[in-house]
Amino acid sequence: MMRAPEKHLEPENRLAMLERIVSRFGDGQTLLKRGGLVTEVSSTHYKVRGLSEVSRLGDIVEHRGHAGTRRGEVVKINRDEVVIAPFERSSDAGIGDAVFRRGPLTVTPHVSWRGRAIDALTRPIDGGAPLLRGDDAGDDATPGAMSRQRVGTSFMTGVRVIDIFTPLCFGQRLGIFAGSGVGKSTLLAMLAGADAFDTVVVALVGERGREVREFLEDTIGDSMAKTVAVVATSDESAMMRRRAPDTAMRVAEHFRDQGHRVLLVLDSITRFAHALREVATGTGEPPVARGYPASVFTELPKLLERAGPGAEGKGSITAIISVLVDGDDHNDPVADSVRGILDGHVVLDRTIAEQGRYPPVNPLSSISRLGGKAWSAEQRALVTMLKAMISRFEDTRDIRLLGAYQGGVDAELDMAVRQVPLIYEALTQSPRDRPSADPFSDLARHLKGKQNADAGD
């Protein structure tokens, strides 16, 4: 009787054959504990039999098939099989292919990583030399609530509208909330250029591939020398987009533990949530809120809470997180969840952008929960007065457009009509402008200069 070709063997027989082969070559027992066979393939996942007893969620596996060696991650464990999400966009897996467990992904940053661009698996993508690896894998555990330093030291970003209305402190986590095409990436780049930090880590998640090089070379520019960029573009797999923020956070944690003041820029947390949703729904998890499974709202705080001040004697991670609000709905589930975790939020308004005022920050909707630690008593009083004046100006916009406004009737409204347009002029700033070292003085000089010019006329 002729022997059936190997490719026609059932998966159970192929597993038995694999056991016989590896027992003859090398450390057979080690390979048996770590190896399995593909039993089912879908467009986003594949299942492996033989790894259930040794696998843990988050383990990396190595798949060997006709297209070569590919890596994936364990995202679900059943009694008889595990579900693998591949890092490549196409898994290239076939029934009966061998899969080996490689353990959890380790990220070992090195000081030479600054100035480099890497992918979510810490592979260089900038065409430079191979990356040097650090001695330890670091610790991605969130510092204990009572062991963390207190936040209290403010810094200047150089962006006037931010430094006046939503000032930041080292270790703060601020969200930039905006719809698509409003200018959040430009504002993030302006903030990433702040001179107050030793190291900058930029995570570009789901970005357009053509914009990555422009963002790093033109917008980040000279600050790239102290920047580590972690990139997962929109055409990469959900697993790469899911992994990129974690890799960036681990790099930031490494430098924080070295005593650095680290700025972490994550653009965007919404695309990270989309990747979480894609992976979770692929494993059969049901949606609970506008298509998002419950695990998405578990993963968001787990990631964001890792930023902030470090333990006593360590540095800090100041996080600036962009939130892409779907359809300009600032109350969508991801935006609402993230807003409750962060230490403040800056709202970019499409109407302001359409008026040509950049950055299009709405000072009335934006808030910094740590602003009280950054303002002096006089500055706090001034900001309160400015917000009241802007609110009065915006509330009466329709009345003034209809021609119903008459000067001399309401002194406060008269002042708002005169001053608010000048305030808007003073807050307008582009990436090419010089960063502001003293925004309150710049605002005062602009208002005084305009008033003197009007008096001269």
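Colleague: How many cavities of 30 Å³ or more does the structure hold?

Modeller: A cavity is a set of points where a 1.4 Å probe fits but cannot get out. In this predicted model, the structure holds one of 30 Å³ or more.

Colleague: What volume does the largest cavity have?

Modeller: About 80 Å³.

Colleague: Which residues line the largest cavity?

Modeller: Its lining consists of Val161, Ile352, Arg357, Tyr358, Pro359, Val361, Pro363, Tyr424, Leu427 and Thr428.

Colleague: How do the residues of that lining divide into nonpolar, polar and charged?

Modeller: Eight are nonpolar, one is polar and one is charged. Arg counts as charged, and Arg357 is among the lining residues.

Colleague: Now the strands. Is strand β3 mostly covered or uncovered?

Modeller: Buried means under 20% relative accessible area. Strand β3, residues 59-65, is mostly covered, with five of its seven residues buried.

Colleague: Which strand is joined to β3 by six bridges and spans residues 98-104?

Modeller: Two strands pair if there are at least two bridges between them. Here strand β6 is joined to β3 by six bridges, and the two run antiparallel. Within this pairing, His63 has Val99 of β6 as its bridge partner.

Colleague: In what sense do β3 and strand β4 pair?

Modeller: Strand β4, residues 68-77, pairs with β3 in the antiparallel sense, over six bridges. Opposite Glu62 stands Arg71 in β4.

Colleague: How many residues lie between β3 and β4 in their hairpin?

Modeller: Two residues lie between them in the hairpin. To recap, β3 has antiparallel pairings with β6 and with β4.

Notes:
Residues numbered from 1 in each chain as written. Predicted model: local features only at pLDDT ≥ 70, side-chain atom pairs only at ≥ 80, totals over all residues. Heavy atoms only, no water. Buried < 20%, exposed > 50% of the residue type's maximum accessible area, 1.4 Å probe, protein only. Helix = DSSP H or I, 4+ residues; strand = E, 2+ residues; numbered from the N terminus. 1 Å grid on protein atoms, 1.4 Å probe; cavity = no way out; pocket = protein on both sides within 12 Å on 5 of 7 lines; lining within 4 Å. Points joined across faces, edges and corners; volume = space filled by probe spheres on them.
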